[in-house]
Amino acid sequence: MIFAELGLIPELLQAVADAGYTEPTPIQQQAIPVILGGLDVMGGAQTGTGKTAGFTLPLLQRLARHANTSASPARHPVRALILAPTRELAMQVFESVTGYGRHLDLRAACIYGGVDMNAQMQELRRGVEIVIATPGRLLDHVQQKTIHFQQVEVLVLDEADRMLDMGFIPDIRRILEMLPANRQSLLFSATFSEEIRKLADRMLKNPKLIEVARRNTVSETITHVVHPVSAGMKRNLLAHLLRHQPDMQVLVFVDTKIGCGRLAHFLERNGISADAIHGDKSQQQRTETLEAFKGGRLRVLVATDVAARGLDIDELPCVINFELPHTAEDYVHRIGRTGRAGHKGRAVSLVSPEEKHWLSEIQKLIKLEIPREAVPGFDPETVSPEMDASERGHSHARRGGDARAGREGGGKGARRERIPKAAPSPMIAADGFDFSKPYEPSASLAPQEEKLPTRAAPTPPVKPQRPLAALLGGLGKK
């Protein structure tokens with residue numbers, strides 16, 4: 001099948017051709033005709049299967065029927081609302097809307113937090129038909145009365161399961177109450193749960209279920225592997241793996257914002273081009289980092305789960321779970337950044353003994369027993385008891401006051417891990433990596449504990465001394 005057989009107008013077919021696409025993906029083949037027919041849709045597809053274009057193209061065609069070329073803002077009311085959980089995903093959808101709508105007289109705006117509202121307010125006042133927004137910032141504009149929903153014809157809720165994970169359901173319910181009852185509603189999600197179905201019951205009217213993949217499955221083009229390693233040896237193992245694949249770009253996932261920055265700094269100190277992206281960084285910093293990674297100027301991107309959605313990187317070869325996610329569904333989202341659009345990908349997980357429970361939950365969810373490949377010199381079964389005891393002692397001592405600091409979305413916090421000495425590895429032959437050279441730890445990977453810079457104690461002021469002659473003179477007078 002080709003796009004011309006889906007009933008799209010010439011302007012959209014031209015935009016699709018400009019983007020280099022000729023054949024629709026399975027989700028696009030099924031969703032586009034149904035959405036063009038005006039029905040509500042509950043769509044489920046793995047990330048990277050083209051579901052964004054699956055709802056963007058028919059949405060644009062519906063709005064194009066009554067497009068207005070007038071310069072008056074009143075002639076361009078908000079007619080379509082697309083909700084996304086993260087800034088990155090909102091920008092990705094915005095790029096699809098503007099790209100596919102380049103030959104149409106439709107205006108779009110992307111609304112998200114972390115930036116000044118004034119520019120967004122001015123853009124909305126000029127009039128836009130399509131708004132792509134994160135729920136929190138959208139409600140900020142509602143409060144400022146810079147956006148109105150009386151003429152919304154289409155509502156799209158993208159990555160609905162992530163909306164649940166990030167606690168946006170109360171905001172979404174408030175937004176639903178403001179929208180016209182007579183509208184077309186589309187709900188898309190990479191995974192489904194009972195909570196998602198309850199939301200769909202409230203949001204959709206007699207929806208058409210479109211599910212092109214089994215629930216909570218991963219792409220068959222992705223190869224999975226687990227490297228067992230003690231918690232304190234993970235950074236050394238990561239640096240080792242990266243050094244044996246010097247030309248490969250990698251997306252590395254960690255659990256906390258603090259750990260994200262520290263790991264990127266560690267890799268930089270050891271000669272590996274890396275940067276971090278997490279929720280505490282400004283939008284400008286995040287955009288610059290993503291552009292550097294997509295442009296190939298940055299080799300390793302260290303990210304928290306805030307970046308697990310919305311990262312659209314062509315032919316990303318590998319995703320590494322430096323720490324396993326505590327929710328099995330997040331594993332599906334993380335590794336969905338590789339193996340996209342039929343390309344081969346690799347999902348590597350560094351698993352410590354404390355994470356075996358989460359690994360078991362992940363394997364149950366994806367119905368796959370992930371191969372275990374021990375890397376010589378890093379297998380925790382070969383670590384000496386003295387090293388294990390030392391590492392446990394240091395970890396326990398540092399676990400106290402900031403146990404919750406830095407974790408995104410709550411939960412237990414990150415702790416700094418001492419870097420124990422790694423024995424040189426004579427040869428490594430893990431599937432997918434070329435470890436033909438022996439591993440020789442550099443001086444920067446020597447057995448030492450990373451210490452934060454300490455502030456020197458202030459020097460007490462020195463009391464001025466009277467000259468000795470003056471003291472003797474005073475004694476003589478007395």
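**Figure 1. Threonine 223 faces arginine 346 of β13 across a pair of strands.** The structure shown is a predicted model, in which local features need pLDDT of at least 70 and side-chain atom pairs count only at pLDDT 80 or more, whereas totals for chains, interfaces and linings use all residues. Residues are numbered from 1 along each chain as its sequence is written, and side-chain values use heavy atoms, with hydrogens and water left out. β8 and strand β13 (residues 345-351) run parallel and are joined by 7 bridges; strands count as paired if DSSP finds at least two bridges between them. Of the 7 residues of β8, 6 are buried, and the strand is mostly covered. Buried denotes under 20% relative accessible area, exposed over 50%, and partly exposed the range in between (1.4 Å probe, protein chains only).

**Figure 2. Six strands form an open sheet with parallel pairing.** The order of this sheet of 6 strands is β8-β13-β12-β9-β11-β10. Its edges are formed by β8 (222-228) and β10 (274-277), each of which pairs on one side only. On average, neighbouring strands of the sheet are turned by 20 degrees against each other, direction ignored. (Axes are lines fitted to C-alpha atoms, and angles run from 0 to 180 degrees between N-to-C directions.) Within the sheet, strand β9 (residues 250-253) pairs with strand β11 (residues 300-303) in the parallel sense over 4 bridges. Valine 250 has valine 300 of β11 opposite. The chain as a whole holds 16 helices and 13 strands; these are DSSP runs, helices being H or I of at least four residues and strands E of at least two, numbered from the N terminus.

**Figure 3. Strand β1 (residues 41-44) is covered on both faces.** Val41 and Gly43 on one side are buried, as are Met42 and Gly44 on the other. β1 runs parallel to β6, and 4 bridges join the two. Here valine 41 has leucine 186 of β6 as its bridge partner. A parallel arrangement, again with 4 bridges, joins β1 to strand β7 (residues 208-211). The bridge partner of methionine 42 in β7 is leucine 209.

**Figure 4. Isoleucine 82 belongs to the largest nonpolar core.** This core has 41 residues, of which Leu57, Ile82 and Ile130 touch the most other members. A second, separate core comprises 32 residues, including Ala133, Met163, Ile172 and Leu199. A nonpolar core is a set of buried Ala, Val, Leu, Ile, Met, Phe, Trp, Tyr and Cys residues joined through side-chain atoms within 4.5 Å. Neighbours within four places in sequence aside, isoleucine 82 is in contact with Phe55, Leu59, Val93, Val97, Ile130, Val131, Ile132, Ala133 and Val156. Contact here denotes heavy atoms within 4.5 Å. Across the chain, 75% of the contacts with a separation of 6 or more are between residues 24 or more positions apart. Of its 478 residues, 51% count as buried. In soluble globular proteins, nonpolar side chains tend to be buried together.

**Figure 5. Seven named residues line the second largest cavity: Ile35, Pro58, Leu59, Arg62, Val154, Gln184 and Leu186.** α3 (51-64) and β6 (184-189) are the elements that give two or more residues to this lining. The greatest contribution comes from α3, with 3 residues. The volume of this cavity is about 30 Å³, and the whole structure has 2 cavities of 30 Å³ or more. A cavity is a set of points, on a 1 Å grid over the protein atoms alone, where a 1.4 Å probe fits but cannot get out; lining residues have an atom within 4 Å of a point. Grid points are joined across faces, edges and corners, and the volume is the space filled by probe spheres set on them.

**Figure 6. Valine 375 lies in the loop between α14 (356-366) and α15 (385-397).** Valine 375 counts as buried because its relative accessible area is 1%.

**Figure 7. Lysine 145 and asparagine 206 both have a positive phi.** Most residues other than glycine have a negative phi. For lysine 145, which is not a glycine, phi is about 60 degrees. Lysine 145 sits in the loop between α6 (135-143) and β5 (154-157), and is exposed at 65% relative accessibility. For asparagine 206, phi is near 45 degrees. Asparagine 206 occupies the loop between α9 (194-203) and β7 and counts as exposed because its relative accessible area is 75%.

Notes: 1 Å grid on protein atoms, 1.4 Å probe; cavity = no way out; pocket = protein on both sides within 12 Å on 5 of 7 lines; lining within 4 Å.
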